[in-house]
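Please keep the sequence and the structure in view while reading.

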Amino acid sequence: MSAISYDDAQYAVREDITAAHQRAWDRLSKAGSWLTGEERIKVMAETRHARSCATCAKIKDALSPFAVADAHDAGTDLPENWVNMIHMIVADPGRLTHGWYKKTIDSGIDETHFVEIVSVIAHTTAIDTFAKGIGIPVRALPDAQAGEPSQYRPAEARQHQAWAPNIAWDEFGPNEADYFVGPEANIRRALTLVPDEARSFFDVTSAQYLAGPQMRDFTQEFRAITHLQIELLAARVSALNQCTY
């Protein structure tokens with residue numbers, strides 16, 4: 001098991017953040033619902049490699065992300081359609097379209113696999129960005145653990161307005177009752193085609209940001225900065241990242 005530590009940071013890091021990152025690293029190293037542990041680690045490695053891909057740099061500068069036809073510089077032996085998907089998400093997520101999603105699915109990536117790959121990219125990006133933000137190198141990737149994917153797909157997941165199927169807030173089954181608690185929030189439905197990925201990502205979110213109930217509890221402050229300051233930073237980061245949610 002690869003241990004997450006921030007002892008080399010010049011800033012004090014809260015213990016709950018370190019613990020959440022450790023839990024994520026441990027989960028990412030194991031087989032998920034649809035990917036093996038080895039595949040998940042390769043997706044993490046490819047996510048990092050995409051940041052230095054020359055084609056991805058061209059995509060960022062192009063008038064349209066689909067105007068660049070050059071091959072991506074792969075850093076792993078993942079299938080080409082996986083590499084293309086990962087690099088496009090890393091390079092220019094704000095300009096991806098539903099047409100791109102459909103083309104990606106038609107290339108042979110199942111919807112379940114698409115969601116799990118997105119989750120692994122999101123986990124890796126969140127934790128790597130944290131390290132960058134406090135001025136330290138990204139943490140070493142965990143070692144892949146043996147095991148087979150569960151292949152669990154919730155019966156309640158279906159197509160809604162979103163690109164990928166997900167579970168509506170009032171349609172969850174008993175297996176997901178632990179997740180659908182607190183105030184209704186559409187963003188928490190995003191990864192629910194693969195429920196364990198939703199659980200894991202929002203475990204990290206609760207530490208790096210705020211837990212769901214805390215976001216709407218304005219009677220007390222849970223961090224060193226106020227709700228208003230947190231939301232000011234969040235809005236600015238969202239604008240810079242072209243996040244229209």
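Is glutamine 151 buried or exposed? In this predicted model, glutamine 151 has a relative accessible area of 55%, and it is therefore exposed, since the cut-off for that class is over 50%. Glutamine 151 belongs to the loop that runs between helix 6 and helix 7 (195-208), and its phi is positive, at about 55°, although the residue is not a glycine. As background, most residues other than glycine have a negative phi.

**Helix packing**

Two packed helices are described by the angle between their axes and the distance between the axes.

| Helix pair | Angle between axes | Distance between axes |
|---|---|---|
| Helix 4 and helix 6 | roughly 45° | within 11 Å |
| Helix 1 and helix 6 | about 145° | 11 Å |
| Helix 1 and helix 2 | roughly 120° | within 9 Å |

Helix 4 (residues 80-91) and helix 6 (residues 111-133) have axes that cross at roughly 45°, which makes helix 4 oblique to helix 6. The crossing of these two helices is right-handed. On the side of helix 4, the contact is formed by Trp82, Met85, Ile86, Ile89 and Val90, while helix 6 contributes His113, Phe114, Ile117, Val118 and Ile121. Sorted by class, this contact of helix 4 with helix 6 holds nine nonpolar residues and one polar residue, with no charged residues.

When residues up to four places away in sequence are not counted, histidine 113 touches Trp34, Leu35 and Trp82.

Helix 6 also packs against helix 1, at an angle of about 145° and with the axes 11 Å apart, and here the crossing is left-handed. Ile17, His21, Ala24, Trp25 and Leu28 of helix 1 make this contact together with Val120, His123, Ile127, Asp128 and Phe130 of helix 6. The residues of the contact of helix 1 with helix 6 comprise seven nonpolar, two polar and one charged.

Helix 1 and helix 2 have axes that come within 9 Å and cross at roughly 120°, so that helix 1 is oblique to helix 2. In this pair, Trp25, Arg27 and Leu28 of helix 1 meet Gly37, Arg40, Ile41, Met44 and Arg48 of helix 2. By class, the contact of helix 1 with helix 2 divides into four nonpolar residues, one polar residue and three charged residues.

**Helix 7 and its cover**

How far apart are the end C-alpha atoms of helix 7? They are separated by 20 Å, which agrees with the 20 Å that its 14 residues should span at 1.5 Å a residue. The buried residues in helix 7 are Pro195, Glu197, Ala198, Ser200, Phe202, Val204, Thr205 and Ala207. Among the elements that cover these buried residues of helix 7 are helix 1 (15-28), helix 2 (37-50) and helix 6.

**Alanine 54**

Alanine 54 lies in helix 3 (residues 54-61) and is exposed, because its relative accessible area is 52% and the cut-off is over 50%.

Definitions and conventions. Residues are numbered from 1 along each chain as its sequence is written. This is a predicted model: local features need pLDDT of at least 70, side-chain atom pairs count only at pLDDT 80 or more; totals for chains, interfaces and linings use all residues. Side-chain values use heavy atoms; hydrogens and water are left out. Axes are lines fitted to C-alpha atoms, for helices over the stretch in contact, and angles run from 0 to 180 degrees between N-to-C directions. Helices (H or I, at least four residues) and strands (E, at least two) are DSSP runs, numbered from the N terminus. Angles under 35 degrees count as roughly parallel, over 145 as roughly antiparallel, 65 to 115 as roughly perpendicular and the rest as oblique. A crossing is left-handed if the near helix is turned anticlockwise from the far one by less than a right angle, and right-handed if clockwise. Contact means heavy atoms within 4.5 Å. Ala, Val, Leu, Ile, Met, Phe, Trp, Tyr, Cys and Pro count as nonpolar, Asp, Glu, Lys and Arg as charged, and the others, Gly among them, as polar. Buried means under 20% relative accessible area, exposed over 50%, partly exposed in between (1.4 Å probe, protein chains only). The expected span of a helix is 1.5 Å times one less than its number of residues.
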